[in-house]
Amino acid sequence: MTPSVLVAGIGNVFLGDDGFGPEVMRRLPPSLAGPGVRLCDYGIRGVHLAYDLLDGWDSLVLVDALPGRGCPGALHVFEADRESFSSAPGLDAHAMDPVAVFAGMRALGGSPPYTVVIGCEVGTVADGIGLSEAVAAAIPGAVTAVAAAVARLSTPVREG
């Protein structure tokens, strides 16, 4: 059986580099989607993502902007710590970050799937549309990282 993978871009395109996730989703080749793989730009719809995760996905690839740590445009790929992410209380319809999504999912009675985060350190999240030069330059690498994660996560595991 082929594992199911949800690729979710999150972020606010009206807050500069916070639009990283939606921009990566826009650049992904449509051929990446297929049996067991869904691509979706959730933007700021955290509750929608939490509900969709209740459908029993085996894996989640979360594409998001990361807080700046002095290196705008730096790309990071890591496994999410789903337990600490989901420890926040309640369901907040206005919050859109992995902590809020996983907490919302727990509040709805679910548990987060194995999650890989592909994120980029922001340069600015000031009001405005468009990515900074450094973050825009990270988009091709992020697209490659998403494709690699999907290939790895959607490969059937042989028992035997």
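**Surface and fold**

Modeller: A nonpolar surface patch is formed by Val13, Phe14 and Ile129, with about 330 Å² of accessible area together. The model is predicted: local features need pLDDT of at least 70, side-chain atom pairs count only at pLDDT 80 or more, and totals for chains, interfaces and linings use all residues. Numbering starts from 1 along each chain as its sequence is written, and side-chain values use heavy atoms, with hydrogens and water left out.

Biologist: What makes a patch?

Modeller: Residues with over 30% relative accessible area and no salt bridge, with nonpolar side chains (Val, Leu, Ile, Met, Phe, Trp, Tyr) joined within 5 Å and like charges within 9 Å. A salt bridge puts a side-chain nitrogen of Lys or Arg within 4 Å of a carboxyl oxygen of Asp or Glu. Areas are Shrake-Rupley with a 1.4 Å probe; for residues, only the protein chains shown count as cover.

Biologist: Where is Val13 found?

Modeller: In the loop between strand S1 (5–10) and helix H1 (20–27). Helices (H or I, at least four residues) and strands (E, at least two) are DSSP runs, numbered from the N terminus.

Biologist: New topic. Is Ser59 buried or exposed?

Modeller: Ser59 is buried, because its relative accessibility is 6%. Buried means under 20%, exposed over 50%, partly exposed in between (1.4 Å probe, protein chains only).

Biologist: And what does Ser59 touch?

Modeller: Ser4, Val5, Leu6, Pro113, Tyr114 and Leu153, leaving out residues up to four places away in sequence. Contact means heavy atoms within 4.5 Å. Ser59 sits in strand S3 (residues 59–66).

Biologist: How many helices and strands does the protein have?

Modeller: 6 helices and 5 strands.
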